[in-house]
Amino acid sequence: MIGRLAAFWHGCPAGLKEAYASFAVQSLIALAYSLNRYIGHTASRPGIRRFVPWAVLNLTATFVVHLACLRALSPDYHRSISVTGFPTARGFVLEVLGSLLVFEVLFYYIHRLMHTRLFYRPVHAMHHRMTDKVCLGAFYVHPVEFLMVGFGAFMGAVALTRTHFPTMLFLGVVAELAGLYFHELGEVSGVMSHESHHVRGAKNFGSIGLMDVLHGTFMKTLTMPMDDGSQTGHVDGFYQDKMIQFRKVYVTNGQWMGALLNLWCPIPFNVPFSPFITS
């Protein structure tokens, strides 16, 4: 059996390897993580059962669209979106960092698009209506949004940074585990609060907070104010103390790249980002 699988894999063109491996890794992680929570946390069981169909739907839709993209790229599937082979250790680190930054840019703008009149009510609102704090809530997303935000932004980052296939799988594992964790168990110190976006929809559109800082949509406070004026939540103050403390002079002179290199300066940054500001 193992020999047949190895022979099948060896004979697969690069494109099919990418699609099959991506689908298998995503599905296994979602299954293992949700099964672990289902067995170990009784309160999560109703929510997990509720969101299983959405996980199946969105993972299947992603697989089909992935195959369609690869077919368009090469009818015989011999070309892949990711680069075949293995990167060097240095290349792996650069690919991870580069993909993370590009993904942050793509994710931010696509997510902002989801909050426009065109997409919010028919597509994005269903995710914001979710009240269950459960891991599979990450999949309670309209298929159009899942394909645009999840598949589109992720594979776009892979393509633009020429990321190798093994690096792509590693990034996929990290991204999915983060999504599953954040939609149930909360936050990790030093990582932007996604929960605060569900509390205040006009804040925290990105994945790591960088684009939110640059655009003035970042919110990371110890107590989150809700739209009705009440206070809720407990979130980490790492970014408030460090990341958003840019030198105002760099931004006002249009030198926003210089501001990125001065994350630890004492002057708080509170100006909406624009590389064209001159005064």
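Patches are made of residues with over 30% relative accessible area and no salt bridge, where like charges are joined within 9 Å and nonpolar side chains (Val, Leu, Ile, Met, Phe, Trp, Tyr) within 5 Å. A salt bridge is a side-chain nitrogen of Lys or Arg within 4 Å of a carboxyl oxygen of Asp or Glu. Accessible areas come from the Shrake-Rupley method with a 1.4 Å probe, and for residues only the protein chains shown count as cover.

The model is predicted: local features need pLDDT of at least 70 and side-chain atom pairs count only at pLDDT 80 or more, while totals for chains, interfaces and linings use all residues. Residues are numbered from 1 along each chain as its sequence is written, and side-chain values use heavy atoms, with hydrogens and water left out.

**Surface patch**
- A nonpolar patch on the surface is formed by Leu28, Leu31, Leu35 and Ile39, which together have about 420 Å² of accessible area.
- Ile39 belongs to helix H2, residues 14-40 (helices, H or I, of at least four residues and strands, E, of at least two are DSSP runs numbered from the N terminus).
- Ile39 is exposed, at a relative accessible area of 60% (buried means under 20%, exposed over 50%, and partly exposed in between, with a 1.4 Å probe and protein chains only).

**Overall make-up**
- Twelve helices and two strands make up the elements of the chain, in the order α-α-α-α-α-α-α-α-α-β-β-α-α-α from the N terminus.
- The chain has 279 residues, of which 43% count as buried.

**Annotated spans**
- An unreviewed UniProt entry places the feature "transmembrane region" at residues 20-39, 51-73, 93-113 and 134-159; such annotations may be inferred rather than shown by experiment, and their positions are given in the numbering used here, with feature names shortened.
- Residues 93-113 are 100% helix and 0% strand, with end C-alpha atoms 30 Å apart.
- Residues 134-159 are 65% helix and 0% strand, with end C-alpha atoms 31 Å apart.

**Nonpolar cores**
- A nonpolar core is a set of buried Ala, Val, Leu, Ile, Met, Phe, Trp, Tyr and Cys residues joined through side-chain atoms within 4.5 Å.
- The largest nonpolar core has 26 residues, and Leu67, Phe103, Phe154, Met155, Val158 and Met168 have the most contacts inside it.
- H2, H3 (45-73), H4 (89-114), H6 (143-160) and H7 (165-182) are the elements giving two or more residues to this core, and H6 gives the most, with seven.
- Beyond its neighbours within four places in sequence, Phe103 is in contact (heavy atoms within 4.5 Å) with Val149, Ala153, Phe154, Ala157 and Ser207.
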